[in-house]
Amino acid sequence: MKRWPTLLAYTVLAVGGLLMVFPFLWMLLTSLKPFQEIFDLKLIPQNVTLDNYRQVILETQFPRWFFNSLVVAVITTLSVLFFDALAGYTIAKLRFPGKGLIFVLILSTLMVPTEMLIIPWYVMSVKNGWVNTYWGLLFPGLMSAFGVFLLRQFFQTLPNDLLDAGRIDGLNEFGVFWRVAFPLVRPALAALGIFTFLGNWNAFLWPLVIVQTADMRTLPVGVALFSGEAGTAWNLIMAASSLAVLPVLLAFLFFQRQIIEGVVLTGVKG
């Protein structure tokens with residue numbers, strides 16, 4: 001009798017998993033269909049073709065959009081990991097007036113919706129000539145209040161005696177941070193890096209506002225506007241969408257353990 005609750009739980013999870021996976025499976029299989037089969041309700045294509053992918057890669061600016069998203073996601077991730085770790089370490093381990101107030105102010109920015117920041121960001125970009133540039137795409141994501149909070153929680157768990165040992169060995173404060181404390185928070189850095197990369201890879205609203213030419217579009221913006229330009233060519237739209245989602249799926253596939261740890265650790269560390 002004890003097996004029935006377990007069996008029921010696994011059944012519910014399996015059904016839920018299938019419901020979540022089915023749209024992605026439909027998108028992938030549709031991307032392999034020729035145009036003549038698009039409106040055929042059969043799930044499996046009768047004539048599998050890769051010509052849709054060839055057209056998307058060779059006859060559109062998809063490679064440039066992919067490159068733009070990669071540049072933005074990689075640079076913002078590296079920036080967030082370094083500067084958030086530096087800020088988190090400073091707040092957690094150094095003593096200076098107003099430290100608590102500064103931390104509260106940083107956390108308070110989490111309550112401000114991104115949509116409210118679009119206008120000030122855009123005004124600042126126009127005044128400084130950042131519209132339709134890589135810097136314009138990058139600057140809103142170079143630091144993260146969530147990252148400061150997460151890493152501050154981790155740095156607080158490090159014993160002060162370990163840091164003092166580094167100072168006794170002749171390291172300056174930055175050396176203690178970089179050579180002693182920074183390597184000890186790798187689990188938090190891995191989780192934060194994955195979240196930051198995926199968030200910037202999927203960013204849509206700000207790139208849509210700041211970008212004015214097709215060659216500067218990021219992947220989400222490029223695919224969204226391409227779906228309007230392609231009209232009823234759903235085979236090409238599905239091929240472009242499949243290519244766009246591939247890095248995200250690979251990230252979840254290879255780093256799912258770190259992602260789960262990151263979600264757990266944000267609530268456990270204190």
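Contact here means heavy atoms within 4.5 Å. I keep that cut-off in mind for the entries below. The model I am reading is predicted.

**Entry 1: Thr196**

I looked up Thr196 and found it in helix α10. Is Thr196 buried or exposed? It counts as buried because its relative accessibility is 9%, and buried means under 20%. I then listed its contacts, leaving aside neighbours within four places in sequence. Thr196 is in contact with Thr76, Thr77 and Val80.

**Entry 2: confidence**

The average pLDDT is 87. A score of at least 70 is reached by 94% of the residues. Where is confidence lowest, and where is it highest? Helix α14, residues 256–268, is lowest, with a mean of 63. Helix α6 is highest, at 95.

**Entry 3: the largest nonpolar core**

I turned to the largest nonpolar core, which has 21 residues. Which of them touch the most other members? They are Val56, Phe62, Leu219, Val223, Phe226 and Ala240. I noted which elements give two or more residues to this core: α2 (51–59), α3 (62–93), α10 (186–201), α12 (219–229) and α13 (234–254). Helix α13 gives the most, with eight residues.

Not counting residues up to four places away in sequence, Phe226 touches Thr60, Trp65, Leu236, Ile237 and Ala240. Another core lies apart from the largest one and has 20 residues. Among them are Ala85, Tyr89, Phe155 and Val185.

**Entry 4: helix α12**

I stayed with α12, the helix of Leu219, Val223 and Phe226. Its buried residues are Leu219, Pro220, Val221, Gly222, Val223 and Phe226. What do they pack against? The buried residues of α12 pack against α3, α10, α11 and α13.

**Entry 5: the largest pocket**

I looked for open space next. The largest pocket holds about 910 Å³. Its lining counts 30 residues. Which of these lie nearest its centre? Thr114, Trp121, Pro140, Gly141 and Met143 do.

I traced the lining back to the helices. At least two residues each come from α3, α5 (114–128), α6 (134–138), α7 (145–156), α10 and α11 (205–210). Helix α10 supplies the largest share, five residues. I sorted the lining by type and got 21 nonpolar, nine polar and no charged residues.

**Entry 6: the second largest pocket**

I went on to the second largest pocket, with a volume of about 170 Å³. Its lining includes Val21, Phe24, Leu25, Met27 and Leu28. Tyr53 also lines it. So do Ser242, Leu243, Val245, Leu246 and Leu249. Which elements give two or more residues to this lining? They are α1 (3–31) and α13. By type, I found 10 nonpolar, one polar and no charged residues.

**Entry 7: Pro5**

Pro5 is exposed because its relative accessible area is 52%, and exposed means over 50%.

Terms used. Residues numbered from 1 in each chain as written. Predicted model: local features only at pLDDT ≥ 70, side-chain atom pairs only at ≥ 80, totals over all residues. Heavy atoms only, no water. Core = buried A, V, L, I, M, F, W, Y, C linked by side-chain atoms within 4.5 Å. Buried < 20%, exposed > 50% of the residue type's maximum accessible area, 1.4 Å probe, protein only. Helix = DSSP H or I, 4+ residues; strand = E, 2+ residues; numbered from the N terminus. 1 Å grid on protein atoms, 1.4 Å probe; cavity = no way out; pocket = protein on both sides within 12 Å on 5 of 7 lines; lining within 4 Å. Points joined across faces, edges and corners; volume = space filled by probe spheres on them. Nonpolar A, V, L, I, M, F, W, Y, C, P; charged D, E, K, R; others polar. pLDDT = per-residue confidence, 0-100.
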